[in-house]
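Have the structure open as you read.

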Amino acid sequence: MAYVVSAHKASSIKYAVKSYFLNPENPSLVVAKSNRIEIYTLSSQGLKQAHEFTINGKISAILSYRPATSFDTDHLFIVTEECMYFTLSWDRVKHKLRNEILSRDVFDPSLKASSCGHLSIIDPDSRVIGLYLYQGLITIIGIKTGRHQKNDYIMNNKSMSETFNLRLMELNVITIAFLFNCSRPTIAVLYQDSKYVKHLSSYEIIIQSREKHIKEGPLKGRNLDIGSSLLIPLLDSGIIVVGEQTLMYFHPNSGIKSKSILPIPTVFSSYTTVNNNKHLLADDYGRIFMLTLSNSPKDSDYMNISQIGITNIASVLVYLHNSYLFVGSHYGDSQLVNISDCSVLQSFSNISPISDFCFVNKEGRSKSIVTCSGAYKDGSLRIIRYGVGMNKTAEISNVNGIHGIWGLYSRDKLEYTILVISFVNETRILKVFENIINGPELEEWENFSSFDTSLPTLVAGNVNNYLFCFISNKSIRLIDWENDLILKEWIPEMNDLITCACLDTDFASVSLTKGKVIVFSLKNMTIIQVGKYNFDYEVSCIDISNNELISVGLWTFPSIHILSIPTMELLLSHNLLGSVVPRSICIISLTSINEPIVLVGMGDGTLLSYSLKDLNKGVLINQKNVIIGTLPVNLSRFITPNNINVFAISDEPTIIYGNNGKLSFSSVNLKETTCMSSFISTTFSSTIVVVSEDNIKIGSIDSFQQLQIQTIPLGELPRRVCYHDKQKIFGVLTIKLFLEDSSGNEIQSSYLRILDPTSFDVLDSFQLETNECVQCITTISINNEDMFVVGTGFLLPEENENSKGRIILFGITSSKKIWIFSEIQVNDAVYCIGVIDNKIIAGINATVCLYAYDDFSRNFNIITTYRSSVLCLSLAIHGIHIIIGDLMKSVSLLALVDMENKIKLKEIAKDYNPLWMTCVAALDDNLYIGAEAEGNLSLFLKDSNTSIKEKIDKLQIISEIKWGELINQIKPGTILSSENPIIIPKATFVTVDGSIAFLFTIENEYLEFLINLQSNMGKVINGIGHLNHSNWRAFCNKRKKANEPKCFIDGDFIECFIDLDDDIKQKIINGDNGGIPLSLTIREVNKIIKDFIKLH
C-alpha cells in the first residue's frame, strides 16, 4: 500500500572509532550513522570516504580490535539496538567486506533495558568483549585466537568463545571501562545509588574456570562528584573519574588517590586518548580540553586540564594521529580539527536532530524544505531543495578579483581551448597547451600581443567562425589569432568610454556615456557601424539575441527596450515599477517553450521574465517575478552540445531552462559565484567554466537533480518553524541556553523570531516570559490581519509538569515588527495547534479545545472540547477532519460537525492499539499516517464497514514498517517535481537522526509485484553479518513484534536492485530460496526501479 524511501540519509554521528581496518600501516576512521557505516582514510588533504555500507539494524556500538593471531588488520565488532552483534574484517585481495562472526542475538524480553543505553567495551588485551545491555547484567564474549571459518559466509560455531552473562550488584550504571595491564580482565563500574550519589567499584572476570563468574576487584571509590560521567583508564592500571567539578585518580593496587578541581565546572560528554599522558575531553558546550598528566600520581599537580578551543558540540571524539582530531556530532556538523590551534580543517554536513520542518514554495522556484536542525549553540535552519551540481574536472585555485570570464574556441566550435579572464585593471589569457608528462594544461598565452592585456575586458568571443573579438572600455578589436594580427579596431570619438558591450557571431553592440547605443557589423573581417540609438538615460545592461534584436536596460529611469538589427528601430519599451535597476538582460529561446523569453536580472536579486509572443504589438506579456537571491542578478547564456540554457548568477546561482512548456529553475551547488561562460572541451570533459570562491572551476552540470543543503546558523535551538505565505516571512520558535556567570546555572529563554525568506536575516524578535517554553506554531488570518499563533507551556523549577500555558496571537506590521494581537491563558502546556474553519484548535494536555474569535469582545472563546485518552501530543487537519495522535493510545479521528445548531468535535473513528504516537498526518479523506515512539510507521484507513459502539468506526492499520529512527514530524506533500504512474507522492517525514524521507502510495495493480520483489530480494541477498531485512523492517515495539513489514515497501532496499550483478537479479526474479517468481524480465524491473530513483 505504501512505499517509503530516503531523500536524505541519517547524518548524526554518535559512534566512531579509529581502526587499522583497511590497512595495517595507516589508520582509518570508522563512523556509524543510524544503520550505515562509513570508512574514511586520512591524508594531508583531510578525510576521504573510502567505503560505505548499510546493515539491517540500527547501530548502537562499534569497536575495533585485533585478533591475537592470523590477522594483520583490525576487525570491527558491531552491536545493534535490536541486541544483535557480529564482526567484520576487510579482504584486502578482493577489496570487500568479509563476515567473520555472523549475527548473534542476545535479546531477552524478560530483562529490563539499561537506563544508560548500550555500553560496549573491549579488554585492552583482546581477551573478552563486554556488553552492558540490561540492568545489572553484563554479557561477556570471549575472543578466541586464530580463524576457524570455512569461507566468507559459513561460520564454525567454535570461532569464538562462548557468551555468558554475569550479574552486577549495581543497577544504575553510568558507564563501565576495562582496566589496562591486569592479569584477569577487570572492569571499573561507575554507578549511582538510590539517593543519586555516585560511586566507583570494580570486578575481575574469571574466564578460565568451567563456571564463569566475577569477583569484587580492589578498585573502589565512594561519594564521588555528583556529576561524574566518564572513566578514563590509564596504562598503569589506574583510572580517572571525570566529574562536573573534579577529576579523581584511583589505582587498584597502590591505593593512591589524587584529586584535581576543575577551573570551570562543566558537563563532559566524551573523551579520546592522545597518549598515556594526554587526553582530550569535550563538554556539552562545544569546548575542547586537554588533560595532561605528570610523571607520578603522587604529584600535587598530577592532573592539569585546560581549554584549547571550541568546536561543534561533540558526541564522540576520535584522535587519529599527527594532531588530527575527529569531532563527531549529533547536534551540528562533524569536524576534523587540528588540536595545535583547534582550527577546523574539514566539516561534514549533519542536519540532525530535526525537530520540525515546513515547505516553502516561492513563485517560479521549485519547492524547498526548511528544517529546524541541530541544538544549542549549533542550532540552525537548513534550506533543502533539489538542484543540480557541478562535476569539477579541473580547477585553478586562489585567483582573486576576477570580474569576467569567457571561453573561446580556436578551430572546432565544440572544443574550447582559450580562457579570457578580466580583472579590475588587466586581462589575462590562458590557452590549452600539450604537456608531454602531465597531458594538456591551461597556461598563460604570453606571446599573444594583438590584445592590450593592460585593460579590463567587457566582453570577448568568437565571430566570423574563428576570429576573436575583444571589447574593452576603450575599443573594439577584431583579431586574427593565428597570425596574431589586429584586423580592425574601433575607438570611440572624443575619448568617450564604452560602458556596456555585447557580442553575437555577426554583430557587436556597445553603449557609450549619455545613453548612446551603437551596433556594428563584424562580417567580412571588418567593423562597420550600421546603426545608432540615443536614450535619455545611461545604459545599465545590453544584449544581442540571434543577430536580430538588441535589448537594453536603463539606469536612472528603470526600463527595458528592444531594438531591431541593423535598423535600430525601437520595437518595444517597458517601464519597470519601482527604483530597482535592471543589471542584466537577455532574450532567449528555450527548449519546449514556443515563444522567446525576455529575462531581466534586477539589482535586488529578482529575476523578471516576459513572453515575447508578438513584438508587433509592442508589449511584454506574462510577467513573472522570481527571487534568485539578494545580490544583483547577472545572466549568462551557456551552450552545451544539446541546447542553450541561462545561468543566473547571484548569491544563489541558478540555471534557467525550459521544461514541459514552462520556465524552470534549478539551484546550483556553488558558492560565491561571480561569473561564468561556456567551455565545451573533450580535454577537460567540460561544458562550462565558473569563477566561484576565488577559484576557476572547469566542469559540467549534472543531468540529474540532487538534494542541496544551505545552512542558516542561529546559535540556539530551533524548536518550530512556519512560513507565512501572505506576509512572505518565516516564524521560528527558538530556545536559547546560556550559563549565568555568577551562579553557573543554566538559563533558558524562548523567542519568536521572524526571518526574511531570502536573506534569512532576523527582522524582529519577541522574548517570552521566564520559564515559558515554546511548543508549537501556525498561521491564521482574522479580520484581514495575518498573524502567527504560538502555543507555550510554563515549567517552574519546583514543578515536574507544566502548570499553565498560553496561546498567543502575534500580528506583523507592514515594517515587519511583532505585536501581540491577543492571548489565551490555559491550564497546561499547548502541545499542538492548528487552524480549522478559521478557528484555533489546540491540544492542551489531554484536552482538544476549539476556539473562535469574538469581534465584539475581541477575545477568543471556547466553542467545544474533546477529551483524548492520555495526552494529545500531535494533530493534523484535513478538511473538516482532525486526526489526533495520543501519547499512549494511538490515533483518533474527529470531525467538526454542527449538532443542534452547535459546533461539536465528534469522534468518528479510532484505533484501539496501544501505540505511543509522536506525530500524525492526513493523506486524504480516509487515509492517515502516524509514527510511534520506537521508530515505527503505521498507515490507517477509515473503515466505515467496521462499525463499533456508538457509530465510531475503526481505524484499520493497513500498512506498517519499522523505520528505526524516532520520527519527529510528518507533513503531507513533497518537494518532488516529477511524477510516476506506479507510486504517488503523499508525505514527507523527518527524524531525530537527520533523515528526510518521502512516503508514496502504490497503485493497487503493482502492490503485489513490489511486495514479492522485496521479499525475494531478502531471501536471495545475505545482509552484512547475515542480518535479515524482513526482521529489520518488521514492526517492533515493547508490546508487539511482527515478522516482516506489512504492505510497506522499503525503497532504500529495493532500489539496490540496480547495483546487483545480473545473476543475482535473475535469482530474485526466479524466486530462488523459497521466493515467488516474478513475471517481468531483468530489463523491465531495471526500468521500473530506475524510474523510482529518478523521482528523488
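Arg-98 and Asp-91 are both buried. They also form a salt bridge, with the closest N and O atoms 3.6 Å apart. This model is predicted. Across the whole structure, a search finds 39 salt bridges.

**Charged pairs**

- Side chains of opposite charge can pair when their charged atoms come close.
- Asp-123 pairs with Arg-127 in a salt bridge, and the closest N and O atoms are 2.6 Å apart.
- Asp-123 has a relative accessible area of 1%. Buried means under 20%, so Asp-123 counts as buried.
- Lys-377 and Asp-378 join through their side chains in a salt bridge, at 3.1 Å from N to O.
- Asp-378 is buried because its relative accessible area, 10%, is under 20%.
- Lys-377 has a relative accessibility of 33%, so it counts as partly exposed.

**A network**

- Some salt bridges share partners, and these join Lys-33, Arg-36, Glu-38 and Glu-52 into one network.

**A buried strand residue**

- Where is Ser-334 found? Ser-334 lies in strand β29, which covers residues 334-338.
- Is Ser-334 buried or exposed? Its relative accessible area is 0%, so Ser-334 is buried.
- What does Ser-334 contact, leaving aside neighbours within four places in sequence? Its contacts include Phe-326, Val-327, Gly-328 and Ser-329.
- Ser-334 is also in contact with Gln-346, Ser-347 and Phe-348. Ile-13 is another of its contacts.

Key: Residues are numbered from 1 along each chain as its sequence is written. This is a predicted model: local features need pLDDT of at least 70, side-chain atom pairs count only at pLDDT 80 or more; totals for chains, interfaces and linings use all residues. Side-chain values use heavy atoms; hydrogens and water are left out. Helices (H or I, at least four residues) and strands (E, at least two) are DSSP runs, numbered from the N terminus. Buried means under 20% relative accessible area, exposed over 50%, partly exposed in between (1.4 Å probe, protein chains only). Contact means heavy atoms within 4.5 Å. A salt bridge is a side-chain nitrogen of Lys or Arg within 4 Å of a carboxyl oxygen of Asp or Glu.
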